[in-house]
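Please load the model in your viewer and keep the sequence panel open beside it. The stops below are meant to be selected one after another, in the order given.

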Amino acid sequence: MRFLPTDEQSDFARTLRSLLGSAQVPAAVRAWADGEPGPGLALRSRLAGTGLFALAAPESYEGAGLLPLELALGFVELGRAGVPGPVVESAAVSVLLSELGDEALAKRFLPGLVAGEAWAALTLPGGSPYALDADAAAHCFTVSAAGELWLAAPASGEALRSTDPARRLSRPAAAGGELLAAGPAVARAAGAAGRWARLLTAAQCLGVGEALLERTVGYVKQRSQFGAPIGSFQAVKHRLADTLLALEFARPLVWAAALSLTPGDVAAAKLRCGEAAYRAAMTALQLHGAVGYTEELDLSLWLRKARPLRDAWGTPSECRAEVLRSVTPG
């Protein structure tokens, strides 16, 4: 069995990597953190041109179909580049609206999301009560525990910052929103959207871990101590090898989760990718030494993403519990 991306899928990932490599993403991330979304929005438009956002919407609404594997491949590249903004949440909203089966709502919101003209924030029952980057999103959707889908009013108060300054969190306003739909269909669609959000966050974690490892390997080849590159030291080699193995063992779990989209598989992928990214961050911080703590170094942009992404859309304990439920009889 050949459990690898096809040539077409690999070409798509390479196209994204090439685009992002020439897009000055670190500058866009720093601007986003400073409250200037312009460069991030311009980057969103360029990504939309590749068809990335169309992979989470049906063809009937200008999408390419619901293609989780291709989208996961794309989100690995977004994580590798450190792209800012509610990219996961926007894709999850597209899935929610697609699964809901309400043609009027789909026509109202999906074309803008597919075309990269708008981003969306999202909160779901059982998840974080905070919406990511709601201040920069055109729409903020929230699903209540009662199975009601709301278009929330603009959040009140100043947005909270997470460990990653490019991630701003806010609570959707409790009143003044628009009720869009209610009933069992909303709950089912929210469940599907939550699984996609967890899968795509896992893919982002994998990309963040890869970027951290790549930068750390490059650094230890250049930094010398006792007259030799520190990358030649046995302890450093072992630390890097352990980090690489964690990432490589996490990778097939992402592909398996994208193929099945079952809660247990998705939770397993999120658990392993989140922990692998966090290990890569700790390795990068230790091997870079004191310079690793400086915000001026671009490395900090990925270091500060690893922990929030590890916990977003499913903390390690929540994912472990979901995996246990999936393998426990009855």
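Begin by selecting C140, which is buried because its relative accessibility is 9%, where buried means under 20% relative accessible area, exposed over 50% and partly exposed in between, with a 1.4 Å probe and protein chains only. Select C319 next: this cysteine is in no disulfide, and the nearest cysteine sulfur, that of C205, is 9.5 Å away, while a disulfide is defined as a pair of cysteine sulfur atoms within 2.5 Å. C319 is also buried, at 0% relative accessibility, and a search of the whole structure returns zero disulfides.

Before going further, note that this is a predicted model, in which local features need pLDDT of at least 70 and side-chain atom pairs count only at pLDDT 80 or more, whereas totals for chains, interfaces and linings use all residues. Residues are numbered from 1 along each chain as its sequence is written, and side-chain values use heavy atoms, with hydrogens and water left out.

**Two helices in contact**

Now select helix α4 (residues 68-81) together with helix α8 (residues 234-260), which pack with their axes 8 Å apart and at an angle of about 145°. Helices (H or I, at least four residues) and strands (E, at least two) are DSSP runs numbered from the N terminus, and axes are lines fitted to C-alpha atoms, for helices over the stretch in contact, with angles running from 0 to 180 degrees between N-to-C directions. To see the contact itself (heavy atoms within 4.5 Å), show P68, L69, A72, L73 and V76 in α4, which meet V254, W255, A258 and L259 in α8. The residues of this contact divide into nine nonpolar, no polar and no charged, with Ala, Val, Leu, Ile, Met, Phe, Trp, Tyr, Cys and Pro counted as nonpolar, Asp, Glu, Lys and Arg as charged, and the others, Gly among them, as polar.

Stay on α8 and select A257, which lies in this helix and is buried, at 0% relative accessibility. Leaving aside residues up to four places away in sequence, A257 touches L199, D265, V266 and A269; the C-alpha atoms of A257 and L199 are separated by 7.1 Å, although these residues are 58 apart along the chain.

**Aromatic pairs**

How many aromatic pairs are there? The count comes to two, where rings of Phe, Tyr and Trp (its six-membered ring) pair if their centres lie within 6.5 Å, and planes under 30 degrees apart count as stacked, over 60 as edge-to-face and the rest as tilted. Select W32 and W119, whose ring centres are 5.6 Å apart with the planes at 75°, so this pair is edge-to-face. W32 is in helix α2 (residues 25-33) and W119 in the loop between α6 (103-114) and β3 (120-123), 87 residues apart. W32 is buried, with a relative accessible area of 0%, and W119 is buried as well, at 2%.

Move on to F109 and F141, an edge-to-face pair with 5.0 Å from centre to centre and 80° between the planes. F109 lies in helix α6 and F141 in strand β5 (residues 139-143), so the pair ties together parts that are 32 residues apart in sequence.

**Two backbone exceptions**

Most residues other than glycine have a negative phi. Finish by selecting Q24, in the loop between α1 (7-21) and α2, which has a positive phi of about 50° although it is not a glycine, and which is exposed, with a relative accessible area of 64%. Then select E62, in the loop between β1 (56-57) and β2 (65-66), where phi is positive at about 70° and the residue is exposed at 57% relative accessibility.
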